[in-house]
Structure formats: structure tokens, C-alpha cells
Amino acid sequence: MKVLIVYASTEGQTQKIATELLNFIKSETTSCDLLNAGDGFRLPVGSYDAFVLAASIHHSEHQSSMFHFIQDNKDLLNQKPCCFLSVSLSAALPDALHQQEAKSYLNTFLEHTGLQPRMSLCVAGALRYQEMDYFRRELARTILLRTMGTTDVDLSRDYEFTDYEEVYSLIETFLPVPTIKQDVDESTDI
Ligand SMILES: Cc1cc2nc3c(=O)[nH]c(=O)nc-3n(C[C@H](O)[C@H](O)[C@H](O)COP(=O)(O)O)c2cc1C
């Protein structure tokens, strides 16, 4: 089986999740490639058997590169097994309001694109303050105020909320792990 992971990532967390998934999926019987949604033309997308798409939320929107990748390949993605991961800060917050918000980002995107994935998941992302310039840090503080209700955070460290086990578990259901061929003793007693 050939699997293609396509990601769109602004600060790098979705790229990290996609890379972890690449290592998780690759096996003797399953090959897996990683593609940045903006580089969609670089691989023969039609040659893959299954797709995992992952994009993150900024100002309530997924990246336009993922939108365009889906538009360019929609028929194929809707015919073959496809799984969509939506990475956001809202998904990291346990209360019903934020969980609902994370779901609405995902559902609105699926409606706009017409993508009909077999499985989808809202995934908790990260805030990488250390890699942000002043302007992005200020934007991130605004987002923290809106999502977490506070800007009183320690800016000397990064925050990662992703639950990798949850993501792996979804992928295991989406792409059944190949069964290990049992050595059968075919000798028969006469
Ligand atoms: C400028 C900015 C805007 C963001 N806007 C939202 C938002 O509207 N809702 C939300 O839940 N998370 C928001 N986030 C959090 C991101 O979704 C989170 O940091 C995610 O891990 C980013 O993934 P990436 O590193 O792959 O781009 C925002 C983050 C930044 C830095």
C-alpha cells in the first residue's frame, strides 16, 4: 500500500505531526511519502492508495495551500480512503465551547472544499513563541486571549499540546496495521 501525507503548516507543528506520522505509518508493506500542500505538483498524487491530510488554523481558517490542493485533487481524494486532521489551539482546550469551535473549523472547511474524508480529527496544536518574531507573538497573545481567556503566559518557553497517541490510534483504525503472517506448521500426522 502507498500512503501520501499532505500537510500545510505555518509555524511548524503540523509539519512535525506529519513527520511523526510518516515514521509511524512506514513499514515493510506500506510505503509513505510526505508532501507540503503548496508543492502538490511535485508528486504523482494519483499513484497513492490512501491519503492523510493535515492543516492548521490561523484566525479561524485552514491554510489556502490545503484548500487549493483539495480543489485540484478532489475527485481522487473522495474516491480513495482519506483522513483529515485539523490542528488548532481550540482543540487543546477541554471545555465544550472550545471543542465545538474546533469542530466548527473542521466542518466549515469540509463544507467549503467538498472533501468527504472517511475519518477526521481535531488535533491540539502548539504555540512556538521562541520561533516567532515580535509581530507574530503579539498576534499569538491575541489568540490566547480569545481562546484561553488569558495573555498571562510564560513567553520564555514553547507550549505543545498534541496528543500523539490519539493521532496514532486514529491512523491505526484508518489504515489497519498489516497482520503479521503466522508461520503455519503444515505437517500432518498420519
Ligand atoms: C497568529 C496565530 C493565529 C491563530 N489563530 C487561531 C485560531 O483562530 N483558533 C485556534 O484555535 N487556534 C489558533 N492558533 C493556534 C494554531 O492553530 C496552533 O498554534 C497550531 O499548532 C499551529 O500549527 P502550525 O504550527 O502547523 O501552523 C493561532 C496561532 C497563531 C500563531
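**Close-up views of the ligand site and a helix pair**

**View 1. The ligand between two domains.** Domain 1 (2-125 + 162-174) and domain 2 (128-160) both contribute residues to the shell around the ligand, so the ligand lies between them; the domain bounds come from an automatic or database assignment. This is a predicted model, in which local features need pLDDT of at least 70 and side-chain atom pairs count only at pLDDT 80 or more, while totals for chains, interfaces and linings use all residues. Residues are numbered from 1 along each chain as its sequence is written.

**View 2. The shell around the ligand.** Here 23 residues surround the ligand (C-beta, placed from the backbone, within 6 Å). Look for Ser-9, Glu-11, Thr-14, Ser-56 and Gly-125, the closest ones. The shell comprises eight nonpolar, 13 polar and two charged residues, with Gly counted as polar and Tyr, Cys and Pro among the nonpolar. Helix 4 (134-147) is one of the elements supplying at least two residues, and it gives the most, five.

**View 3. Helix 1 meets helix 5.** The axes of helix 1 and helix 5 (residues 164-174) come within 11 Å and cross at roughly 50°, in a right-handed crossing. Helix 1 contributes Ile-17, Glu-20, Leu-21, Phe-24 and Ile-25 to the contact, and helix 5 contributes Tyr-164, Val-167, Tyr-168 and Ile-171 (C-beta atoms, placed from the backbone, within 7 Å). Eight of these residues are nonpolar, none polar and one charged.

Notes: Helix = DSSP H or I, 4+ residues; strand = E, 2+ residues; numbered from the N terminus. Axes fitted to C-alpha atoms, helices over the stretch in contact; angles between N-to-C directions. Left-handed = near helix turned anticlockwise from the far one by under 90°. Contact = placed C-beta atoms within 7 Å.
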